[in-house]
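The following exercises ask the reader to work from a structure towards a description of its parts. Each task is followed by a solution in steps.

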Amino acid sequence: MSYPKPSSAANEFRSDTFTTPTPAMLDAMLHASFGDDVYGEDRTTIDFQDQISRLTGMEDAIFMLSGTMGNQIGVRIHLDQPPHSVLCDYRAHIYAQEGSGLAVLSQAMVIPVHPANGIYMTLEDVKKWVVLGDDVHTAPTKVISLEVTIGGVLTPMEEIRKISEFASSHNIKVHCDGARLWNASAATGHPLADYCQYFDSVSMCVSKGLGAPVGGVLASTKSNVKRARWLRKQLGGGVRQAGVLTSAAMVALREIWPTMKETCEKTKKLGRDLAILGVVPQIPVDTNFFFIDAARSKLDMGILLEQCAKFNVNLQDERIALHHQITEEAIENLKSAIAAAVEITRDSPPSFVSKVRPSGYGSSSKMNEFAI
Ligand SMILES: Cc1ncc(COP(=O)(O)O)c(C=O)c1O
């Protein structure tokens, strides 16, 4: 089978979702089992779900068509009758970028929390905003959702443990949007199960940095996964020959996940190189994202995007995302584009405001609105 090399994602810094399936993934798809997963009869999908259960230490797991589907169902399995609220970071994908799914599908009020440290949510934030008790004026918090990583930033394990213990002492469930929990595990060396022990449900994506073409997975207890299977069917997510998709996900686990640590290291190295140019990040660079602080870096984002086009690298805003298909050549080109933009900005009229996407809720380009 002929396959373009390098991938078309080689110079793609907009997101780690742009990766293309590897030859091994395409080969695995060709040789997948073709059982019907709505009947629970697809061997590859069963194996994939079993492997996720083992890795997460959760009782059971279920393939999802997307991270959004895994999150929305992952929250909904914990909820019954409103009024109820879900507490999460105000930047959380589950709240800001899933088409108001929590309102529509779970009839939940969302409590969007601005972390006091401007970086990640802590127990103190949770205690400040959680709604407890049975006052009829309120919507008691039934789920806390933590995004790990958020903006590529790691929430310390100890903080997760504290939030989890607080939640369970108040009969609140904790969901993890672990779209990039793989990255957290790769960067810290903590096994996935170390993180997952603190959650009642964990949703993970296989089509972000892991590079599979489609999908995610939700892990939880057996009874929760049984309920999730029902809700997934209701949303039209019961797919038949799912092995075509889960076979690629299996290759992603086997071949791409082990490369993720190196991707995180390359991102940190990029951060050190950019520091020499005076370009600083909005938030810590813990994994595979570098969010340019355009104002503090005195960088005009409009000029930077023009330079990126000239140097043949794709960027859309302040977020630089690395993944396994980015080449060394592309990183060098990106650095050249940034160096050129720094120079041009220095000589141009003082307008250091981003000309790209508007900032604020729902924008992935601004991650530290409240950081000092
Ligand atoms: C943190 C996070 N969670 C969930 C999702 C949703 O994933 P999907 O695009 O597969 O629905 C994304 C997508 O980028 C994400 O960044």
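A residue is called buried under 20% relative accessible area, exposed over 50% and partly exposed in between, with a 1.4 Å probe and protein chains only. The model is predicted: local features need pLDDT of at least 70, side-chain atom pairs count only at pLDDT 80 or more, and totals for chains, interfaces and linings use all residues. Residues are numbered from 1 along each chain as its sequence is written, and side-chain values use heavy atoms, with hydrogens and water left out.

**Exercise 1.** Determine whether Lys 208 is buried or exposed, and describe its surroundings.

Step 1. The unreviewed UniProt entry lists Lys 208 under "modified residue: N6-(pyridoxal phosphate)lysine". UniProt positions are given in the numbering used here, feature names are shortened, and annotations may be inferred rather than shown by experiment.

Step 2. Lys 208 is found in the loop between strand S6 (201-205) and strand S7 (216-220). Helices (H or I, at least four residues) and strands (E, at least two) are DSSP runs, numbered from the N terminus.

Step 3. The relative accessible area of Lys 208 is 16%, so the residue is buried.

Step 4. Contact means heavy atoms within 4.5 Å. Leaving aside residues up to four places away in sequence, Lys 208 touches Asp 16, Thr 17, Thr 19, Ala 179 and Arg 180.

**Exercise 2.** State in which order the strands form the open sheet, and which helices lie on it.

Step 1. The open sheet has 7 strands in the order S1-S7-S6-S5-S4-S2-S3, with mixed pairing. Two strands pair if DSSP finds at least two bridges between them.

Step 2. At the edges are strand S1 (60-64) and strand S3 (109-113), each of which pairs on one side only. From one strand to the next, the twist averages 20 degrees.

Step 3. Strand S5 (residues 173-177) pairs with S6 in the parallel sense over 3 bridges. Cys 176 has Val 202, in S6, as its bridge partner.

Step 4. Helix H2 (residues 43-56) lies across S1, S6 and S7 and runs at about 125 degrees to S1. Helix H3 (residues 67-76) also packs on the sheet, and its direction makes about 180 degrees with that of S5. For these angles, axes are lines fitted to C-alpha atoms, for helices over the stretch in contact, and angles run from 0 to 180 degrees between N-to-C directions.

**Exercise 3.** Explain why the pair of Phe 48 and Phe 63 is classed as it is, and which parts the pair ties together.

Step 1. Rings of Phe, Tyr and Trp (its six-membered ring) pair if their centres lie within 6.5 Å; planes under 30 degrees apart count as stacked, over 60 as edge-to-face and the rest as tilted. The whole structure holds 3 aromatic pairs.

Step 2. The ring centres of Phe 48 and Phe 63 are 6.1 Å apart and the planes stand at 80 degrees, so the pair is edge-to-face.

Step 3. Because Phe 48 lies in helix H2 and Phe 63 in strand S1, the pair ties together parts that are 15 residues apart in sequence. Both Phe 48 and Phe 63 are buried.

**Exercise 4.** Describe the position and contacts of Val 225.

Step 1. Val 225 belongs to helix H10 (residues 222-234).

Step 2. With a relative accessible area of 2%, Val 225 is buried.

Step 3. Residues up to four places away in sequence not being counted, Val 225 touches Asp 60, Ala 61, Ile 62, Leu 218 and Ser 220.
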